[in-house]
Amino acid sequence: MPPLPISPETGPQVVLELIYRLKVRDAMSSPVITATPAESMRDVQYRMRDNGITGVPIVEGGRLVGIVSMGLVIEALDSGRIGRKAGELMTRAVISLEDDMPLAFATTYFNRYKYGRFPVLDRDGGLVGIVCASDIIRALLVAMNKEVERLEERLSAAAVASGGLPRPPDGLSRLSFQVTHFDFENAGKASAEFKKALKGLGVDAGVTRRAAVAAYELELNQVIHSEGGTMSFVAGAGRIEIVAEDRGPGIPDVASAMTEGFSTATEWIRSLGFGAGMGLPNAKRVSDEFSIDSAPGRGTLVRVAILY
Amino acid sequence: MRISELASALGLETIQDGYEDREISTGYSSDLLSDVMANAKADGVLVTVQAHKNAVAVASLVGLAAIIVCNSRPIPDDMIEAARAERVAVLLSPESAFEVSGRLWTALRRP
């Protein structure tokens, strides 16, 4: 199958937001049709035929132990081994996805590994679904239809309303960036641009570093934990302000979140070197003023000021 | 000691050209990017197994000169591109972070 023509880096912003907002669980098929290692390849062949599928995960005690593709069934038929146990002939090195990974990971996996399907595991390693290329295409088309509708509405509304006027210049440097959930490809871009702007203003290197640390931690928090948000920066006249505002889900226990080492990040996020529970404490430590306002169902608003 | 001198002294593979061959004074070993943000010093080297572009972003934000990726971890193309854009050196070692850190510490303290 030719590669899925979706880039997790260079696509249009709307598509990027979709593939990072949608999770693997939004696209996967569930429940999964499986077989046990003790069943024969013939059993697996019939299961494929009866259900119109081309791959069957092999499961033992709720755990994924292998997978049998239609190609393997044909090989077994060819070599007279169709009566053998699935456990003997299955592929053991299975590449799987996690259900809370963004869909962008799934498209990358399809293009990288060239398999027709990937089993989906939950946080505890249990098999919860399976995803093939057509599942992804269907989920994306549904989401893109909704998105195009929304854009069309916005365009017609904008045509009616008169355009807003730009802010009068007041000698302050302002920057604002949209941050997308789970978009690790672009994570840190807002902070990098902000750091460049501070350098351009001739702000002292130590102050710039403090501002960069606060900005990066708050930006990464939005990438890892929020449903998307905005990073805004204002600098000038001896004061740097960073405002991180997101659309939710909000923090149930702010005091815990401010404690070093407390983290709600998942395993795969930690494997990237994030989610150590140091983000908010780091941001507070480098700031002269720090405030956080958050509650479940509402977003999180963090304001930081650094004086120079 | 410059990055290029360090690479030959420690037998490191230089992954991309076009980095700024800066003078290095110190190093920091960690796989937690927040820890690197908080504690790594500018003009230092990061010793890590985090071979992805977010490590480059962190290095650039705190002013690190180079990243040494340990255990011969595969370096993705987008990490190399990011490193080239930020002029941060990416060096690869077959050894563990423990061994690389030991060699780095010795090399930087030699008169």
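This is a predicted model: local features need pLDDT of at least 70, side-chain atom pairs count only at pLDDT 80 or more; totals for chains, interfaces and linings use all residues.
Trainee: Which residues of helix H4 of chain B are buried?
Mentor: Cover for the buried residues of H4(B) comes from parts of chain B that include H3, strand E4 (66-69) and strand E5 (89-92). The buried residues themselves are B:Asp78, B:Met79, B:Ile80, B:Ala82 and B:Ala83.

Trainee: Which residue forms a salt bridge with B:Arg84?
Mentor: B:Arg84 sits in helix H4 of chain B. Its partner lies 67 residues apart, in the loop between strand E1 (13-14) and strand E2 (26-29) of chain B. The two side chains meet at 3.7 Å, N to O, and the partner is B:Asp17.

Trainee: Is B:Asp17 buried or exposed?
Mentor: B:Arg84 has 41% relative accessibility and counts as partly exposed. For B:Asp17 the value is 55%. Exposed means over 50%, so B:Asp17 counts as exposed.

Trainee: Which residues have the most contacts inside the largest nonpolar core?
Mentor: This core has 90 residues. Helix H9 (residues 205-225) of chain A gives the most to it, with 11 residues. Domain 1 (13-139) and domain 2 (173-307) of chain A each give it at least three residues. The residues with the most contacts inside the core are A:Phe184, A:Leu218, A:Ile240, A:Ile242, A:Phe274 and B:Ile67.

Trainee: Which residues does A:Leu218 touch, not counting residues up to four places away in sequence?
Mentor: A:Leu218 is one of the residues with the most contacts inside the largest nonpolar core. With those sequence neighbours set aside, A:Leu218 touches A:Met231, A:Ile242, A:Ala244, A:Leu280, A:Ala283, A:Val302 and A:Val304.

Trainee: How many residue pairs are in polar contact across the interface of chain B and chain A?
Mentor: The contact takes 23 residues from chain B and 22 residues from chain A. The buried area is about 1700 Å², and carbon and sulfur atoms give 51% of it. B:Met37, B:Asn54 and B:Leu61 supply 35% of the area that chain B buries there, more than any other three residues. Pairs in polar contact, both residues at pLDDT 80 or more, number 10.

Trainee: How many residue pairs are in polar contact between domain 1 and domain 2 of chain A?
Mentor: Here 11 residues of domain 1 are in contact with 11 residues of domain 2. The area buried between these domains is about 930 Å². A:Tyr20, A:Asp100 and A:Arg123 supply 47% of the area that domain 1 buries against domain 2, more than any other three residues. With both residues at pLDDT 80 or more, the count of polar contacts is one residue pair.

Trainee: How many salt bridges are there between domain 1 and domain 2 of chain A?
Mentor: The domain centres are 38 Å apart, taken over C-alpha atoms. The salt bridge count between the two domains is zero.

Trainee: Which residues are linked with A:Glu147 in a network of salt bridges?
Mentor: A:Glu147 is buried, at 6% relative accessible area. A:Glu147 and A:Arg150 both lie in helix H7 (residues 133-160) of chain A, three residues apart, about one turn of the helix. Their side chains meet in a salt bridge at 2.4 Å, N to O. The residues in the network with A:Glu147 are A:Arg21 and A:Arg150.

Trainee: Which backbone oxygen lies 2.9 Å from a polar atom of the side chain of A:Ser263?
Mentor: A:Ser263 is in the loop between helix H10 (254-257) and helix H11 (267-271) of chain A. Its relative accessible area is 19%; buried means under 20%, so A:Ser263 is buried. Its side chain reaches the backbone nitrogen of A:Ala265 at 3.1 Å. The backbone oxygen at 2.9 Å belongs to A:Gly275.

Terms used:
Residues are numbered from 1 along each chain as its sequence is written. Chains are lettered from A and ligands numbered from 1 in the order in which they are written. Side-chain values use heavy atoms; hydrogens and water are left out. A nonpolar core is a set of buried Ala, Val, Leu, Ile, Met, Phe, Trp, Tyr and Cys residues joined through side-chain atoms within 4.5 Å. Buried means under 20% relative accessible area, exposed over 50%, partly exposed in between (1.4 Å probe, protein chains only). Helices (H or I, at least four residues) and strands (E, at least two) are DSSP runs, numbered from the N terminus. Domain bounds come from an automatic or database domain assignment. Contact means heavy atoms within 4.5 Å. Buried area is the accessible area (1.4 Å probe) that two parts lose on being put together, summed over both. A polar contact is a pair of N or O atoms within 3.5 Å; within protein, one must be able to donate a hydrogen and the other to accept it, and residues adjacent in sequence count only if both atoms are side-chain atoms. A salt bridge is a side-chain nitrogen of Lys or Arg within 4 Å of a carboxyl oxygen of Asp or Glu.
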